[in-house]
Amino acid sequence: MEWKRFGFIAFIIVALFSIVVLIGQARDPIPTIIISMAATTISVATPLTLGALSGVFSERAGVVNIGIEGMMLTSAFFGWFGAIYFNTILKFEAMPSLILGVVIAVLAGALMGLLHAALSITFKVDQVIGGTVINILAIGITGFFNRQLFFEKNSIFGGNVPHAPGTLPSVGQVPFLANVPILSNLQPIAILAIVLVFISTFVLFRTRWGLRTRAVGEHPRAADTVGINVSFMRYVNVIISGCLAGLAGAYFTLESVPSFEPLMTNGRGFISLAAMIFGNWTPLGAWAASLVFGAAQALQINLQFYRELIPPSLSLLQYPYIVGLTPYILTMLILTGIIGRTVSPAADGQPYEK
Amino acid sequence: MYIKDAPVILSAEAITKQFPGVLANDKVNFDLRKGEVHTLLGENGAGKSTLMNVLYGLYKPDSGHIHIDGKPVTFTSPKDAIANGIGMVHQHFMLIPVFTVAENIMLGSETTRNGVLDIRAVSKQVRELSHTYGLDVDPDALVQDLPVGIQQRVEIVKALYRKANILILDEPTAVLTPQEADDLFQIIRRLTEQGVSIVFISHKLKEVLAISDRVTVMRTGKVVGTTTPQEVNEAKLAAMMVGREVILKVDKKPAKPGEPVLSVSDFSVMDSRGVEVVKKISFEVRSGEVLGIAGIQGNGQTELAEALTGLRKVHGGRVILNDKESTGRPPRQLIENGLGHVPEDRQRHGLVLPFAIADNMMLCTYYQEPFAQKGVLQNQAIDANSRKLIEQFDVRTPSPYVSAGKLSGGNQQKVIVARELSRPIRLLVANQPTRGLDVGSIEYIHHEIIDMRDKGIGVLLISAELDEIMALSDRIAVMFRGEIVATLPAAEANREQLGLLMAGATHK
Ligand SMILES: Nc1ncnc2c1ncn2[C@@H]1O[C@H](COP(=O)(O)OP(=O)(O)OP(=O)(O)O)[C@@H](O)[C@H]1O
Ligand SMILES: [Mg+2]
C-alpha cells in the first residue's frame, strides 16, 4: 500500500526528469541537467512541503485547514513588509532584515492560525467556512495594506515602492558547502523545510505531543477520558499549522523573488492540501507528493531553456501554459484515489462537544 | 464476611445533575467499600451512566460531594479522577482504533525516555499487568483488529496501568458473548482479591446476583435502595427497578404458521476480508412464526442479517421476500417489500445520532405519506407519530426533539424498535433486539414481538442470549461456522443440547 504510493511518486518524478534530459542532452551534459532539475524541484516544492506540513499538523489534531492559502499570502506580505521596514526605515543590514522578515512572516501565520483555531474550536464555526473566511480575509488585508503602504503618498515609504533588501542567499555562499551539488544551489527556507519534514515525523510519531495530537484527531472523547485537554491540543496544533504556513509565505517574498504581488500564492495552499492527502497525512508522504508537484513545475521552468530543442513532434511542450497544467492534472488524478485510498483522521473537521 | 467491615473508599453524597429537561441524578448517595463489587441497577435512563461520569470527572455535578478515603475531592476533569485512583470502562469503548494496544494504554500517561515515547517499557508493563490479573492482551496489536471482548480487556488494563484501585464498569457484558462474560467475571474476582473495588452496571439480573456483594437500585434519577444478593431474587430486583411486578417469562400461545414470507436458498455471504462466512444456507420464515437463530457470535449471524437487509453484498443464492425476488436488492426496495430491521449496531446502522428522535422515528418512510406530501415534510404528522411512539414504547426523553445521541443507550434502542414495529411490515429481522435494555423494556419488546407474530408477521430473531431465543422462538436454527447445523422446534429444544450444537457438536 505505502510502497505503491511511493513507487508511483518515484515513477512520475523519473518520467518528468526524463523528458527534460531527453530534450536537453543535445546541449548540456546529463548530470548537469539532472542537478539543475533536482535543485529547481526541491526549491519550488518548498512552499508546498511547508503547506502540506501545515495541513498535517492541523488535520492530525482534527481541524480541517483550507485557509493555508490565505495564511501563506498574509505571511508573504507581512514578511516582505517587515524586511523592507527594517532595511529602509530602521537601516538594518539586508541579511538581518530578511531574517527578521521571516520571523514576522511566521508570527503572522501564527496569528492567522490562532484566528482559525478560535473560529473552529471556540466558536465551532464550520471549519471549511472558517478556512474560506481566512482566504478571503487574506486577499482583502494584503490588497489593502499593499495599496496603503506602498502606493499612497503619505505612507511611511512616501509613495515610492522602496528598494527591497533582496532575497535570502543560497547556502553555496557558505565556504565549505560551496561545492556540494544540489545543496549549494538551495536557499535556507528550502533546506529548513526538509529538516522540518523529519522533525515533524519525529514529533508526530515518536513523542508524547504527537501521540496526543493524533488522539484528539481520531477520537477526541477518548482523549478527554484519559485527561487530555482536547481544546488546548487543537489550539496549539492549529497555531503550529499557521507558523508552517507562515514560513511558506516567507518563501514567496523573501526567498523566491524580492517582491510582493497580490494573489501571488496562486493556489499553492490548495495544492499543498492535495499533497497532504496524497501523502496520507504523514510528513514524509506529504513531502514526496510535494516533490511530484515541484518536479512538474521544474519541468515547465527548465523546458524554457531548451525551447528551441523541442522536436516538432512534441510541439505541445513548447507552450508553457500547457506544461504548467501538469500539477493541476496530477492533483485531480491523485484525489480520485486511483493510486490507493487514503484515510483521513477519523474526527477530522468535527468540533468536539462534551 | 470481610466485605461488610471493609472501609468505605469512595462515597458520593447527594449528587444532583440536571440536563436540559431531565433531572438525571437527584440527590444520589452511593458508597463503595474496599474490595467489593457494588452493582448499580436501574431502568434505561435511570441515571447510572450519568452518576459514573460524575464520579469520573467527565460531568460536573450541580451539587453534591465526593469523598475518597474520607477526604473530600472535587474533579474538574478525568485527570483528577485518575489521580485519585478511579478508572472507568465506558459503555461505548474509548479506544482509538488505529492505535496499538500499547499506545491506547499509555495515552495521557505516557512514559518517555529523552522525550521519545518508550513503547518498550509500556509493553513490558502491560505484559506484567496481563500476567498479574489474567488479562491476556498483545501490546503490539492494533485495536481495530481485536474482538470486543479483548478491547474490553484493553480498557481494563488501561485503568490498571493508571494504578486504579476503583474500577467502574459500565455495562461491560452487554456486548460480550457468554464465554467472554465468564472470562470477565474471573477477571473481576481476581481484581477484587487484589483489593480493587468495582462498580458494576448491568441489566442482566442473573449475573448481577452472581457477581455482586451489594446492589443499589436507581429509578428516574433517585436511589430506591441498597440490598445484597442474599436478600433478593431476580423477580424482587426487577420489581425494585421498575416499581411494579415484571413477568420475566414470556407468555405465548402456540404459533399458527402460514405461508413463507422469507425463503432463502443456497445463500452465501463474505465478510469484509473476503472470507465466506455464510455458506450456502437455506431456510424459511413463515408468517406467524418466530425463527430464532442461535449461535455464538462470530459464526456468520451478523453478515447473514446484513446481507438479508441489503447492507452487504450477497455472494450467492437466492432470497424471496413476500413472494418477490429480493436477492441483493437495495434496502429501500426491501423496506417497501415489507422488511423491518432492528440492526445489531444501533449507533452505526440504526440511528442518525445528531437527528432528533422524531426524525429518527420515520427514517425508513420519510418520503411517503403521511410524513411527506409532494416532496415536502409534514411536521405535524412527524410530531404526532413520534409522540405516539414515545408514549407507547416508553422512551425516556424530555421531548421528541432531543437528538438521538443524547439518549441513554437503552432508550436509543427503543427508538429503533419503535420505528420498525410501527410500520406495516411482513418480516422482521431482529438482531440482538434487546441488547442493553432493562428488564421492563425487554418484557415490553418481547411482548410486542409475539404480538407481531400473532398478527401474522414472520420474525427472524438473531440473539446471543440463549434465554431470549428460547423464550421467543417457535423454531430454532443453530448456526455454526457459517452453516445451519440443526433446526428444531422450540418445544423440543433444551439449553444443554443447544449449547452443544452451538459449540459444533453434530446433531444426533
Ligand atoms: N449529555 C446529555 N445531554 C442531555 N441529556 C442527557 C445527556 N446524557 C444523559 N442524558 C439524559 O439523562 C438521563 C440519564 O441517562 P443515563 O445515560 O445516565 O442513563 P442510564 O441509567 O445509564 O441508562 P442505560 O441503561 O440506558 O444506559 C437520560 O434521560 C438521558 O436522556
Ligand atoms: Mg448507561
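Tutor: Gladly. This is a predicted model. In it, chain B is divided into domain 1 (8–242) and domain 2 (278–502). Taken over C-alpha atoms, the centres of domain 1 of chain B and domain 2 of chain B are separated by 30 Å.

Student: What makes domain 1 of chain B and domain 2 of chain B count as being in contact?

Tutor: Contact requires heavy atoms within 4.5 Å. By that rule, 23 residues of domain 1 of chain B are in contact with 21 residues of domain 2 of chain B. About 1500 Å² is buried between domain 1 of chain B and domain 2 of chain B, and carbon and sulfur atoms give 51% of that area.

Student: Why is the pair Glu465(B) and Lys204(B) called a salt bridge?

Tutor: Set the value against the cut-off. A side-chain nitrogen of Lys or Arg must be within 4 Å of a carboxyl oxygen of Asp or Glu. The closest N and O atoms of Glu465(B) and Lys204(B) are 3.1 Å apart, so the pair qualifies. The count between domain 1 of chain B and domain 2 of chain B is 3 salt bridges. There are also 10 residue pairs in polar contact between these domains, both residues at pLDDT 80 or more.

Student: Which elements of domain 1 of chain B give two or more residues to the side that touches domain 2 of chain B?

Tutor: They are helix H8 (205–211) and helix H9 (234–242) of chain B. The largest share, 3 residues, comes from H9(B). By class, this side of domain 1 has 10 nonpolar, 9 polar and 4 charged residues.

Student: Now for the two chains. How do you know that Glu110(B) and Arg208(A) form a salt bridge?

Tutor: The closest N and O atoms of Glu110(B) and Arg208(A) are 3.9 Å apart, and the cut-off is 4 Å, so this pair meets the rule as well. Across the interface of chain B and chain A the rule finds 3 salt bridges. The contact takes 24 residues from chain B and 19 residues from chain A, and the area buried between the chains is about 2000 Å².

Student: What makes Ser49(B) and Thr50(B) polar contacts of ligand 1?

Tutor: Here the N or O atoms must be within 3.5 Å. An oxygen atom of ligand 1 is 2.8 Å from an N or O atom in the side chain of Ser49(B), and a polar side-chain atom of Thr50(B) lies 2.6 Å from an oxygen atom of ligand 1. Both values are within 3.5 Å, so both are polar contacts. For Gly410(B), a polar backbone atom is 2.8 Å from an oxygen atom of ligand 1. In total, 21 residues surround ligand 1.

Student: Chain A has two domains as well. How many salt bridges are there between domain 1 of chain A and domain 2 of chain A?

Tutor: The rule finds 0 salt bridges there, while 9 residue pairs are in polar contact, both residues at pLDDT 80 or more. H11(A) gives the most to the side of domain 1 of chain A that touches domain 2 of chain A, with 10 residues. That side has 14 nonpolar, 7 polar and no charged residues.

Methods. Residues are numbered from 1 along each chain as its sequence is written. Chains are lettered from A and ligands numbered from 1 in the order in which they are written. This is a predicted model: local features need pLDDT of at least 70, side-chain atom pairs count only at pLDDT 80 or more; totals for chains, interfaces and linings use all residues. Side-chain values use heavy atoms; hydrogens and water are left out. Domain bounds come from an automatic or database domain assignment. Buried area is the accessible area (1.4 Å probe) that two parts lose on being put together, summed over both. A polar contact is a pair of N or O atoms within 3.5 Å; within protein, one must be able to donate a hydrogen and the other to accept it, and residues adjacent in sequence count only if both atoms are side-chain atoms. Helices (H or I, at least four residues) and strands (E, at least two) are DSSP runs, numbered from the N terminus. Ala, Val, Leu, Ile, Met, Phe, Trp, Tyr, Cys and Pro count as nonpolar, Asp, Glu, Lys and Arg as charged, and the others, Gly among them, as polar. A residue is near a molecule or strand if one of its heavy atoms lies within 4 Å of it.
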